[in-house]
Amino acid sequence: MAPNSPEKHALPSYGSRWGGDNKISRWPDELPDSVHSTGPKSRPTRVKMLWHRHSSWALPACVTFLLVLLTWPLTAHTDARSLRMRDSVSQIRVAATDPPRKSDNFTEVVQWDNYTIFLNEQRMFLYSGEFHTFRLPVPDLWLDIFQKMVAAGLNGVSIYIHWALTNPAPGVLDFNDWRALAPIYEAADQAGIFIVLRPGPYINAETTAGGIAHWVTSRTAGELRTNATDFAATWPDYINEIIEQTKPAQVTAGGPVLAIQVDNEYSQSPIERAEYFAELEAAYRAGGIVVPLTYNDPGEGSNFVNGTGAVDIYGLDSYPQGFDCSNPTQWASVVTNYHTYHEEVNPGEPWYMPEFQGGSFDPWGGPGYDACEVLTGPDFQDVFYKQNWASNVKLISYYMVYGGTSWGGLPEPGVYTSYDYGASIRESRALSAKFDELKRQAIFLRSSPSFRKTDFIGDSSSSIPGVSLGGGEGSAAFATFLKNPDTGTGFFILRQSDSTSTTNINFTITIPTSDGTLTLPRTLAGIALAGRQSKLVLTDYPFGVSSSVLYTTASVFFAGTIGSRDVLFLFGDADQGHELALSLKGAQGTRLDSSRVQFASDGTSGSTTVTILPGSTGLLTLWDSETQLVLFSDPVTAATFWAPPIPTGASSFTNYWQFGTNTTALIGGPNLVRNASIDGSTLALRGDLNASVTLTVIAPPQVKSVSWNGALVPVESNARSGLGSGILTGTLELPNSVKSITAPKLTNWKFNNSLPEVTASFDDSNWIVANHTQTNITAPLYGDGRVLYGCDYGFCENIVLWRGHFNGTGSETSVNLTINGSTAFAASVWLNDQFLNSTEDVNAEQTTVLYTFPEGAVNIDEDNVITVIQDGMGNDEDAGERSPRGIPGFLLNTGNFTTWKVQGKLGGYTGYPDKVRGVLNEGGLFGEREGWHLPGFDTSKWTTRDLSEGLPSGEAGIGFFITTFKLSFPEDTDVMMSFQFDTESQPYRALLFVNGWQFGKRAANIGPQTKFPVPPGILDYHGTNTVAVALWALDNTSVSPTLEVVVDGALQGGVGPVALNNPPWSPRTAA
């Protein structure tokens, strides 16, 4: 074991810092008076700081200096101040020319001006990604996602909290288990990533009712998301608990929470909506939230910038590619008015995009998420993300960076179980090619303090002072010029004028530099831009302690200081030429000796021009001295490198880049580097391997040895010719135990019927009588006035069963039913024990069908029962949260129903027994109500029947198939596993339960999903696992589903031990 190797995932006690030792599960008689309040508390009078808005801060120097002095924070942060001095070689000039800062008047720890936000007096480019912890209900894996985000160079994560999951019934708060906030904050702090918390109450997120608690949709009559009295009484319990758990986790207390978003994507009119926002904001402030409050506008609507409900920092959401993954290579053009819109709407605030497209959702029947990854792939990231930079955006979050799984009843009707989103981190937690591009961009931003403060000088839509495009195809190119007013650094973002073009172009650019006006490149025919590619040309770019690049047409991956050396790591396409000019420093330095790299000295400026010819691949050391190291590689090689923050003992924000440490090393080779530390002469690394690789380490000079996941790795300096001094190399071997991991076979299935409700002997006397004649949802379409909506009776999600009784006279020949389950739903209808038909629609939310009775099916002078199995696909979002799931219309051809009974999940939302998996996990199938899907249920007396044999009758019906399998994986191994159904189109639906968790809904005749990833923590890597499949055959056709477990990937490393929380079966009553 290497000395002081970084700890693997062993989260501190959740209560150790954020006050999370006490579980939060409050029922009405336990709630304190403050939580029972029906409206937000009063708050102290707030005076909002207003500044004259204008796009230029070109004030006289003396006035600016005076304003800075007058508004300078009174508190000092020693650690932050020393780090800030290291962060930029021009820090004094930056401070002297900063515009006046603003705050929310509750804290000055977080401030902002028109460029960026400030944390502890440091400018910050918030580069963030979206992750929903509820879509990965294994708290020990949240650190895995956070570490991957930080490894990609991100410093922020945007997190929705789900009202419906944490406030499942009136007066009931459940922030236990995977719904707890404390483990989110602990994991983020451990990884070193800031949080923008987005607790809604409405969150959209392609989740049922947009996250609004289901009970609210049926128990209130006033307009949702307004100041309507009954709605205003529903959310304070939830928001107050968010406040209580988040107060100690704010950055003002050393925690990770940087800002809180108010609700989600709305409009400021009518006034009732604005007043709702104002009430939420008042509740946050009265409860002790002092960090800025933000908002995400769904379009360029200028909502909540000023006036009632206005937030501290306004932001714009944008999804320029849309959500049609069916044509993944068909692009929309980049949006060109972002900068103009910002200057018109809120020029005195930093330009914020709370959501920018990081992928796409995929609908039922869609092409699948691999196509969505192509639609928003690395080329999209390259062009569209850099267009945002060109618009001077300085806070941005990509939705999603990890999508996860919409398990159980989480989805809204438009989406299926997978929420992979085609994101940079796939649903299985594997890293994609998009992750590589995200990292190449984010490490550059992290390395470039001068990019945090830039003025928009102009772009090719009009003239740019001192800038022109030339060469043979200059007219096909488009440039934007940003400039740091203090360092003079120029950032020229280049793309093709037609951003959708797939052709290659070559051009030159004439630009101002500290060495005069230059036309670039000077030694090559032109700058090459491939189709759908973007580049940054930099001028007067400082790096390290004392180095600067005069210009570069190659991209910067990393720039900074490692030990005593200024390090610059450039990259560029291997089939293109690249050029840079800089002052090479250090006595007895060594230039690369290669026919593909040329050096030319400029005696006047003292800089050296370096030309990298096409065909250059791998890692090249262009310049190597004791004080400076300049590297170049192709983009693929660059993406194999990592730059983990190395803690140096800062008293606050210890693990956070820029705010706790600016020490790092460059590590090449592994699939992932999670963290690093230095103890004496040993660099201790932790991370993941998916193959045997060469390890390349560029570390401070005191590092003489390296450990990987606790084991020392033999390394040597100059192991490969041409790498240069101070670079260590070795080999990381993937253990055979990882290479040989395979998935077990699923055999020994047991079967039982799960539709006793259609048998003559079934007793529904314990079911709820559906006799309401009033509803807050919507009026029934036809019938006798009775309301048959599941949520009115406590059954708001998943499968609900209805039984309509009538006395037979012999004249009944049919029933007309309108059944509503929403997009891609299905329903099956029986008369007594005879199957009538099934209905489904991939596009409509309901169907109206006349179900004809077979001759002789009605029992004369006896009770007859119409049984309806209705699959609920979730409540709609936005204005449709009050969704009429159930039977909006019913009519016998003659006569009337005497009684309607309804049954959903056992106990409904007020009394469901499985409090760990939560309110959305189960539905109303008989097997679910009995708990057959839970580990430990005894199936020894069931029939042995393989899943592929389908239902014994070969007809419509529902049955449960259950089996178990064992896993025994080596320690320190992360295995990504999925359950793969057959890929044939067959008339069946299936629910997949793994150790009691509903982790898949398969609609075999709709698609597209056939493969369902399941993470460790749900799966037991070191024990017995239970798999249950509820098979619903939709018609009288034999179906033959198959299911196998597959290994999607196996890594040596991983996040460490992952705890299980899969409560076993216990007897249930009144099923």
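User: How many residues does the largest nonpolar core have, and which have the most contacts inside it?

Analyst: In soluble globular proteins, nonpolar side chains tend to be buried together. In this predicted model, the largest nonpolar core has 255 residues. Those with the most contacts inside this core are F146, L683, I866 and F979. Strand β13, residues 393-402, supplies the largest share of the core, namely eight residues. Another core, of 25 residues, lies apart from it and includes W830, W942, L991 and A1028.

User: Which side chain is joined to that of E206 by a polar contact?

Analyst: The side chain is that of Y419, and the polar contact spans 2.3 Å.

User: How many disulfides does the structure hold, and what is the pairing in sequence order?

Analyst: A disulfide may be read from its sulfur distance, its torsion and its place in the chain. The structure holds two disulfides. With the bonded cysteines numbered in sequence order, the pairing is 1-2, 3-4.

C325 and C372 form a disulfide with their sulfur atoms 2.1 Å apart. The torsion about its S-S bond is about 105°, so the disulfide of C325 and C372 is right-handed. The pair links distant parts of the chain, 47 residues apart: C325 is in the loop between β11 (313-316) and α13 (338-345), and C372 is in helix α14, residues 369-375. Both C325 and C372 are buried.

C791 and C796 form a disulfide with their sulfur atoms 1.9 Å apart. The link of C791 and C796 is right-handed, with 80° about the S-S bond, and both cysteines are buried.

User: How many salt bridges does a search of the whole structure find, and are D144 and R429 buried or exposed?

Analyst: The search finds 38 salt bridges. In one of them, D144 pairs with R429, the closest N and O atoms being 3.1 Å apart. The two partners come from distant parts of the chain, 285 residues apart: D144 is in helix α6 (residues 142-151), and R429 is in the loop between β13 and α16 (433-446). Both D144 and R429 are buried.

R803 forms a salt bridge with D764, the closest N and O atoms being 2.8 Å apart. R803 is in strand β42 (residues 798-807), whereas D764 is in the loop between β40 (750-753) and β41 (768-769), 39 residues apart. Both R803 and D764 are buried.

User: Why does R885 count as buried, and which residues do salt bridges that share partners join into one network?

Analyst: R885 forms a salt bridge with D876, the closest N and O atoms being 2.9 Å apart. R885 counts as buried because its relative accessibility is 6%. Salt bridges that share partners join D144, K148, R429, R674, D688 and D974 into one network.

How values were computed
Residues numbered from 1 in each chain as written. Predicted model: local features only at pLDDT ≥ 70, side-chain atom pairs only at ≥ 80, totals over all residues. Heavy atoms only, no water. Core = buried A, V, L, I, M, F, W, Y, C linked by side-chain atoms within 4.5 Å. Buried < 20%, exposed > 50% of the residue type's maximum accessible area, 1.4 Å probe, protein only. Helix = DSSP H or I, 4+ residues; strand = E, 2+ residues; numbered from the N terminus. Polar contact = N/O pair within 3.5 Å; in protein donor to acceptor, adjacent residues only side chain to side chain. Disulfide = S-S within 2.5 Å. Salt bridge = Lys/Arg side-chain N within 4 Å of Asp/Glu carboxyl O.
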